[in-house]
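Work through each task before reading its solution.

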Amino acid sequence: MCGIVGYLGPEPAYPILIDGLKRLEYRGYDSSGVATVEPGGEMSVHKRQGKVANLEAHIGAGVPQGTVGIGHTRWATHGPPSDRNAHPHLGGNGKIAVIHNGIIENYEALKELLTHRGHDLTSDTDTEVLAHFIDEVHRSTGLDLPDAVRVALKEVVGAYAIVVLDESQPDRLIAARKSSPLVVGIGENNAFYVGSDATPIVGYTKNVIYLEDEEVATMGRDGSLTIRTIADAVVTPEVHEIEMEIASLEKAGFDHFMLKEIFEQPKSIRDSIRGRIRLQSGEVMMSGIDDHWAKWEQAERILILGCGTSWHAGLVAEYLFESFARIPVEVEYASEFRYRKPVIRDTDVVLAISQSGETADTLAAIRLAKEHGAHIFGVCNVVGSSIARESDAGAYTHAGPEIGVASTKAFTAQVAVLTTMAMHLGKRLGKLNDQAFMRLMTGLDNIPDLVQQVLDNASAVEHIAAQFAQAENALYLGRGYQFPVALEGALKLKEISYIHAEGYPAAEMKHGPIALIDENMPVIFIATQDDVYEKVVSNIQEVKARGGQILAIINDGDTKVRALADHVLEVPKVHEALSPLLTSVPMQLLSYHIALMRGCNVDQPRNLAKSVTVE
Ligand code: M6R
């Protein structure tokens with residue numbers, strides 16, 4: 001989704017803005033732009049459809065010199081991608097520039113009002129309406145611009161993170177948010193940085209303030225910072241230190257972030273369980289659960305909410321929690337849950353799973369659940385994200401920044417944390433005996449090394465990918481713990497290679513998808529030797545009988561499925577509850593190589609955003 005960067009300080013803004021825009025590319029975008037106030041006092045605006053490189057080429061050698069500026073990567077909502085619709089947008093006869101993430105829902109009504117008052121709008125965007133509306137309030141009330149922004153935002157319905165640059169006041173920058181994240185970085189020499197997340201800021205400062213909903217920040221060149229709510233209450237800013245290292249935002253020698261992140265999994269899984277599983281004392285430490293034990297002890301149901309890959313991690317958790325802790329679990333798409341009058345009780349524990357912690361639907365769903373008295377537990381990767389901050393308790397996944405749009409290491413870290421949680425609950429509730437608990441604990445501790453073994457065999461996946469690279473469809477089948485892995489495998493393939501792929505429970509195949517099978521249909525089975533292995537073998541036979549091309553993910557040394565399948569990829573045999581942590585890895589590699597062979601942009605697939613911050 002859209003990305004925001006802003007700078008006010010002693011240095012030229014443009015290099016900082018361009019660097020920030022490049023760091024924000026991972027979010028997914030279709031155009032970009034910058035605005036600065038130049039030393040002569042005039043506003044300078046450049047924007048271009050396409051990549052940030054297009055913007056740089058358009059600007060050429062005559063780069064802006066101003067020491068205050070804003071930059072934006074746009075992911076189209078209102079109006080197609082174009083130079084005209086790219087941000088920044090101008091109001092006040094070109095004297096006020098605005099960049100905006102989010103959606104202004106009442107923009108049509110505001111536009112009508114503005115048109116009536118003689119404003120001339122030239123783009124299709126809701127953001128230009130906002131720029132003109134701020135100017136209208138500014139001029140009609142005579143309020144100073146920060147107050148005009150505040151008053152204007154009171155009339156706005158929808159989500160926004162905005163930064164406003166004023167040609168007549170180049171010594172200040174104004175930022176505000178509601179339901180769309182915004183971070184203010186405090187640098188040296190009175191410099192301020194603004195970002196839609198920490199990535200464009202972290203190279204310059206580690207000290208940040210997370211703006212809360214309906215807060216307006218005014219930064220001054222003298223180092224002053226005032227924050228007021230749109231209702232005009234003064235807010236005392238709380239400065240946080242971010243832990244992210246700039247090196248974690250680089251490719252570190254890999255061709256793509258996705259590949260780097262796949263190969264980081266031994267470390268990211270290790271980091272997600274470090275300090276939580278204690279082999280020597282035979283216990284799990286999970287303060288987010290223990291500090292609110294009464295909520296878990298009385299929980300009549302665990303409601304899991306998420307979207308995309310995080311929803312798939314939630315499906316794995318359904319098996320884990322029901323099996324280990326014997327608490328009923330429901331897994332819901334946050335987007336459906338929030339709009340269907342769900343029954344929520346104060347005896348529910350709601351588990352919100354989100355890599356970014358900013359997914360609009362998941363955030364709205366937890367707010368709804370909170371209103372009904374449910375206890376909210378967040379499983380997020382991004383520290384300080386909205387979902388993490390709005391949850392009653394939680395556990396960070398500690399996977400490190402995930403830049404590739406296709407989620408990989410975040411998924412396995414989520415599954416590892418959820419496994420740890422389920423084990424802990426099972427033990428504390430007396431549903432998991434010591435022997436089973438210890439077996440799981442030892443198994444989980446061993447997983448990072450086994451993931452490394454799978455990665456050591458990555459070249460085998462590349463060879464198989466070549467066989468499937470020209471496919472138009474693919475079917476992913478698994479049962480039990482491998483069903484969510486099948487869904488996740490299919491999602492990975494479609495999002496980065498644009499091959500249509502479906503994930504199904506293998507047994508459901510006979511109820512419809514079997515009609516699709518012919519000699520052109522790749523069928524990927526996850527056929528590990530677990531409780532339902534023999535059933536899956538029968539499903540493989542059924543596909544083979546109809547000529548489908550079979551790739552099976554099998555356990556090391558499985559000769560039965562090897563004899564049936566056209567291709568196999570082996571993973572070590574582990575406890576079935578831990579196996580998704582291994583079987584998902586060859587799926588990720590398969591998608592990566594297929595996408596590469598098809599010439600797709602692996603890290604920034606078309607139309608997709610890393611974090612879906614609008615509905
Ligand atoms: O940040 P979140 O985990 O809340 O994001 C949820 C989905 O948008 C995300 O998992 C998406 O499906 C990924 N592109 C999957 O690779």
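A polar contact is a pair of N or O atoms within 3.5 Å; within protein, one must be able to donate a hydrogen and the other to accept it, and residues adjacent in sequence count only if both atoms are side-chain atoms. The model is predicted: local features need pLDDT of at least 70, side-chain atom pairs count only at pLDDT 80 or more, and totals for chains, interfaces and linings use all residues. Residues are numbered from 1 along each chain as its sequence is written, and side-chain values use heavy atoms, with hydrogens and water left out.

**Exercise 1.** Find how far a backbone N or O atom of Thr309 lies from an oxygen atom of the ligand, then do likewise for a polar side-chain atom of Ser310 and of Thr359.

*Solution.* Step 1: for the backbone atom of Thr309, the distance is 3.0 Å. Step 2: the side chain of Ser310 gives 2.5 Å. Step 3: the side chain of Thr359 gives 2.4 Å. Step 4: of the 410 Å² of accessible area that the ligand has on its own, the protein covers 92% (Shrake-Rupley method, 1.4 Å probe).

**Exercise 2.** State which domains give residues to the shell around the ligand, and sort the shell by class.

*Solution.* Step 1: the ligand lies between domain 2 (250–456) and domain 3 (458–603), because both give residues to its shell; the bounds come from an automatic or database domain assignment. Step 2: the shell has four nonpolar, eight polar and two charged residues (Ala, Val, Leu, Ile, Met, Phe, Trp, Tyr, Cys and Pro count as nonpolar, Asp, Glu, Lys and Arg as charged, the others, Gly among them, as polar).

**Exercise 3.** Locate the cis peptide bond at Pro88 and the positive phi of Asn190.

*Solution.* Step 1: the cis bond joins His87 and Pro88, with omega about 0 degrees. Step 2: phi of Asn190 is near 65 degrees, and Asn190 is not a glycine. Step 3: for comparison, most residues other than glycine have a negative phi, and most peptide bonds are trans.
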